[in-house]
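Here are my notes for anyone opening this structure for the first time. Have the sequence and the 3D view side by side as you go through the points.

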Amino acid sequence: MEQINVRRIKTTDYYDIYLLNQELGYFYPVEKVKEKIAYIVENTKDIILVAERDNEVIGYIHGSPYESLFFDSLINILGFVVKEKYRNIGIGSLLLNSLECWAKEKGYRGIRLISGFERLNAHRFYQKRGYVYIKDQKNFKKIFD
């Protein structure tokens, strides 16, 4: 594998993130992606790590603190994608391992995530890395006008 650098996201990464989001099926406007990155970096305790090759962001993982009244503090993965042409060569594992190390250093008890029912390759990826399938869920949202 060529040299891959994992680092924290910068606002200037917005266009690469915009393209990666499209690979996940999210067509959020490019300017809003830029604004969101700045907002998250400046106003939250989230961490977003990117995998970079030759000054191109080819993957990212977004972790956010998950606090509940029934378990210790966890990190919730909100987004995780590697550019299609760079999949299956270890970049996803590199990003996931980097997030896990950061979470351990910060005192979190573990990591949780929700993965789409149809994403069977992703499920196998997580299970190979020690993640345990817990339950089926339905996700709901309400958008305010």
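1. Which side chain does a polar contact of 2.8 Å join to that of Arg7? The partner is Asp13. By polar contact I mean a pair of N or O atoms within 3.5 Å; within protein, one must be able to donate a hydrogen and the other to accept it, and residues adjacent in sequence count only if both atoms are side-chain atoms.

2. A word on what you are looking at. This is a predicted model, where local features need pLDDT of at least 70 and side-chain atom pairs count only at pLDDT 80 or more, while totals for chains, interfaces and linings use all residues. Residues are numbered from 1 along each chain as its sequence is written, and side-chain values use heavy atoms, with hydrogens and water left out.

3. Now the overall fold. The protein chain has four helices and five strands, and they come in the order β-α-α-β-β-β-α-β-α along the sequence. The chain is as compact as a globular protein of its length, because its radius of gyration is 15 Å, close to the 15 Å that the globule rule gives for 145 residues. Helices (H or I, at least four residues) and strands (E, at least two) are DSSP runs, numbered from the N terminus. The radius is taken over C-alpha atoms, and the globule rule is 2.2 Å times the number of residues to the power 0.38.

4. Some whole-chain figures. The C-alpha atoms fill a box of roughly 45 × 40 × 35 Å along the principal axes. Of the 145 residues, 37% count as buried; buried means under 20% relative accessible area, exposed over 50%, and partly exposed in between (1.4 Å probe, protein chains only). If you look at contacts (heavy atoms within 4.5 Å) between residues at least 6 apart in sequence, 58% join residues at least 24 apart.

5. Surface and charge next. The accessible surface is about 10300 Å², and 51% of that belongs to carbon and sulfur atoms. These areas come from the Shrake-Rupley method with a 1.4 Å probe; for residues, only the protein chains shown count as cover. The chain has 23 positive and 19 negative charges, whose mean positions are 5 Å apart. Lys and Arg count as positive and Asp and Glu as negative, leaving out His and the chain ends; each charge is placed at NZ of Lys, CZ of Arg, CG of Asp or CD of Glu.

6. Back to Arg7, which sits in strand E1 (residues 5-8). Arg7 counts as buried because its relative accessibility is 14%. Leu95 is 88 residues from Arg7 in sequence, yet their C-alpha atoms are 9.4 Å apart.

7. With neighbours within four places in sequence set aside, the residues in contact with Glu52 are Gln3, Ile4, Asn5, Arg7 and Val57.

8. Two asparagines in loops deserve a look. Asn55, in the loop between strand E2 (47-53) and E3, has a positive phi near 65° without being a glycine. Asn88, in the loop between E4 and helix H3 (91-105), also has a positive phi of about 65°. Are they buried or exposed? Asn55 counts as exposed at 72% relative accessibility, and Asn88 counts as exposed at 82%.

9. Ser68 is in the loop between strand E3 (56-66) and strand E4 (74-82). Its side chain has a polar atom 3.5 Å from the backbone nitrogen of Phe70, and the side chain of Ser68 also reaches the backbone nitrogen of Phe71 at 3.3 Å.

10. Pro65 lies in strand E3 and counts as partly exposed at 26% relative accessibility. Not counting residues up to four places away in sequence, Pro65 touches Lys45, Asp46, Leu74, Ile75 and Tyr108. Lys138 is in the segment after helix H4 (120-128) and is exposed, with a relative accessible area of 70%.
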